[in-house]
Amino acid sequence: MMKQKPHLSFWQIWNMSFGFLGIQIGFALQSANVSRILSNFGADLHSLSFFWLAAPVMGLIVQPIVGAASDRTWNRLGRRSPYILAGAIIACMAMWIMPNSSALVSIMPVLAVGAVMFALMDGSFNITMQPFRALVADMVSDEQRTLGYSIQSFLINTGAVIGSVLPYVLTNIIGVQNTAAEGHVPPSVIWSFYIGGAILLLSVVWTVFRTKEYPPKEYCEQNGIDYDAWSSKKKEKKSVAERLKLFFKLFAEMPPVMIKLAVVQFFSWFALYLMWVYTTPAVAQHIFGTEIGDSSSKLYQEAGNWVGVLFGAYSLFAAIFSLFMTRIAKKIGRKATYSSALLFGGLGYLSIYFFNTPNALFVSMAGIGIAWAAILAMPYSLLSGALPAEKMGVYMGIFNFTIAGPQIISGLVGGPILRSIFNNQAIYMIIICGVSMLLGSIFVSFIKEKAH
């Protein structure tokens, strides 16, 4: 007989997700500032999307490997916690090094150092983040799953607010310098990465040492798994070829809901990637009136800080929506909640074109924030109940293909589209974001939701 998972208190679920606060501070600093940093190091506008390919490529490689490894791991720290902690340590180090890449010019060109540190930073974020998704699925019951991912979404977006506004706060409230010589990064950005890296590590340490994962035997009982058979299978030694064969077999056997979610994910993450790459030049050109290719002027740096504030705003709206998302989903269903949120996101992107003052963009960010909250929670809530418990980690890693894949495609086509079709006017890339998100909203209707 299958043993029921215990009902967890709000604070138990909060603690197991708390590390996401720090991870998202790091992600927010990356999203709002990497294009700016790489531009400071000499990257031109239409090549930015190629540098940003490092992020989805690292996710594509790292998450399935970490997911499969964590499925087979149980030690003193637990099943997922060792990977969460290891990734956080590497991420903290990379965040401290990346904005100082100009100090390492004796090793390789500064732009190359920046790109390598970006890849390392994003890869370590993925090492830490992937087991967090599986941890909630491991620990909470089906009835609490939407709550678990909604709390994650709230903490993610709270962290994103902090990370997004750090450079602006350091510049305008504390008085840290916001400009630097050509080829260098402003001190406001450097100190933001120092602070963000430290918070990331401390918040993950809180989760690791405040969350006690279920021991193997109890976990098997909760999920209807034969413990003795599982233990014997776990000890089996398989060659690399055998592991690859099993891995591709999982692709062939993936649940239908995962395939349909992949279509929605494609349009959602295609848009998000373009937003992260092109919002700074789009706002600088369209709202602040800078020239195409300008990345070192004071006006461009002001636009960069303002984009950080805007990213913080959409994350704040997402955090607020996350507080109500579970209730809304119970009332109208998870599919309707998901589809409506993506609709608001698409309209938010499109509205940016029609505004001509910085403050008006907060209206756009409200719609984007609602979509972002749903993207962080609803796919996992819809998916996790359809996955076999003993393969939760590896399937969550495979599901990351639906995040990384569209970003890679977006990165490959974004630069050529911007240069050849839009004459380097980045605002039109934001319009593409809006159309893509609206298509995602439509395709949610094809998902068959599993009843609770």
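**Figure 1. Packing of helix α12 against helix α18 in the predicted model.** Helix α12 spans residues 256–286 and helix α18 spans residues 427–443; their axes come within 7 Å and cross at roughly 160°. Because angles over 145 degrees count as roughly antiparallel, α12 is described as roughly antiparallel to α18. The crossing is left-handed. On the α12 side the contact is formed by Val-263, Val-264, Phe-267, Ser-268, Phe-270, Ala-271, Leu-274, Met-275, Tyr-278, Thr-279, Ala-282 and His-286. Helix α18 contributes Ile-427, Met-429, Ile-430, Ile-432, Cys-433, Ser-436, Met-437, Leu-439, Gly-440 and Phe-443. Sorted by class, this contact of α12 with α18 contains 17 nonpolar, five polar and no charged residues.

**Figure 2. Packing of helix α12 against helix α13.** The axis of α12 comes within 8 Å of that of helix α13 (residues 298–332), and the two cross at roughly 130°. The two helices are therefore oblique to each other, and the crossing is right-handed. From α12, the residues Met-275, Trp-276, Thr-279, Thr-280, Pro-281, Val-283 and Ala-284 take part. They meet Tyr-300, Ala-303, Gly-304, Val-307, Leu-310, Phe-311 and Tyr-314 of α13. The contact of α12 with α13 divides into 11 nonpolar, three polar and no charged residues.

**Figure 3. The largest nonpolar core and the surroundings of Trp-276.** This core has 128 residues, of which Met-121, Val-204, Met-275, Trp-276, Tyr-338 and Tyr-349 touch the most other members. Helix α12 gives the most to the core, with 17 residues. Neighbours within four places in sequence aside, Trp-276 is in contact with Ser-31, Ser-35, Trp-52, Trp-269, Phe-311, Tyr-314, Trp-372 and Gln-407. Phe-311 and Tyr-314 are also among the α13 residues that meet α12.

**Figure 4. Ser-188 in helix α8.** Helix α8 covers residues 187–210 and includes Ser-188. The relative accessibility of Ser-188 is 0%, so this residue counts as buried. Not counting residues up to four places away in sequence, Ser-188 touches Arg-36, Pro-167, Leu-170, Thr-171, Val-176, Gln-177 and Asn-178.

**Figure 5. Arg-72 in the loop between α4 and α5.** The loop that holds Arg-72 lies between α4 (54–71) and α5 (81–97). Arg-72 has a relative accessible area of 39% and is therefore partly exposed. In sequence, Arg-72 and Ser-231 are 159 residues apart. In space, their C-alpha atoms are 9.8 Å apart.

How values were computed
Residues are numbered from 1 along each chain as its sequence is written. This is a predicted model: local features need pLDDT of at least 70, side-chain atom pairs count only at pLDDT 80 or more; totals for chains, interfaces and linings use all residues. Side-chain values use heavy atoms; hydrogens and water are left out. Axes are lines fitted to C-alpha atoms, for helices over the stretch in contact, and angles run from 0 to 180 degrees between N-to-C directions. Helices (H or I, at least four residues) and strands (E, at least two) are DSSP runs, numbered from the N terminus. Angles under 35 degrees count as roughly parallel, over 145 as roughly antiparallel, 65 to 115 as roughly perpendicular and the rest as oblique. A crossing is left-handed if the near helix is turned anticlockwise from the far one by less than a right angle, and right-handed if clockwise. Contact means heavy atoms within 4.5 Å. Ala, Val, Leu, Ile, Met, Phe, Trp, Tyr, Cys and Pro count as nonpolar, Asp, Glu, Lys and Arg as charged, and the others, Gly among them, as polar. Buried means under 20% relative accessible area, exposed over 50%, partly exposed in between (1.4 Å probe, protein chains only). A nonpolar core is a set of buried Ala, Val, Leu, Ile, Met, Phe, Trp, Tyr and Cys residues joined through side-chain atoms within 4.5 Å.
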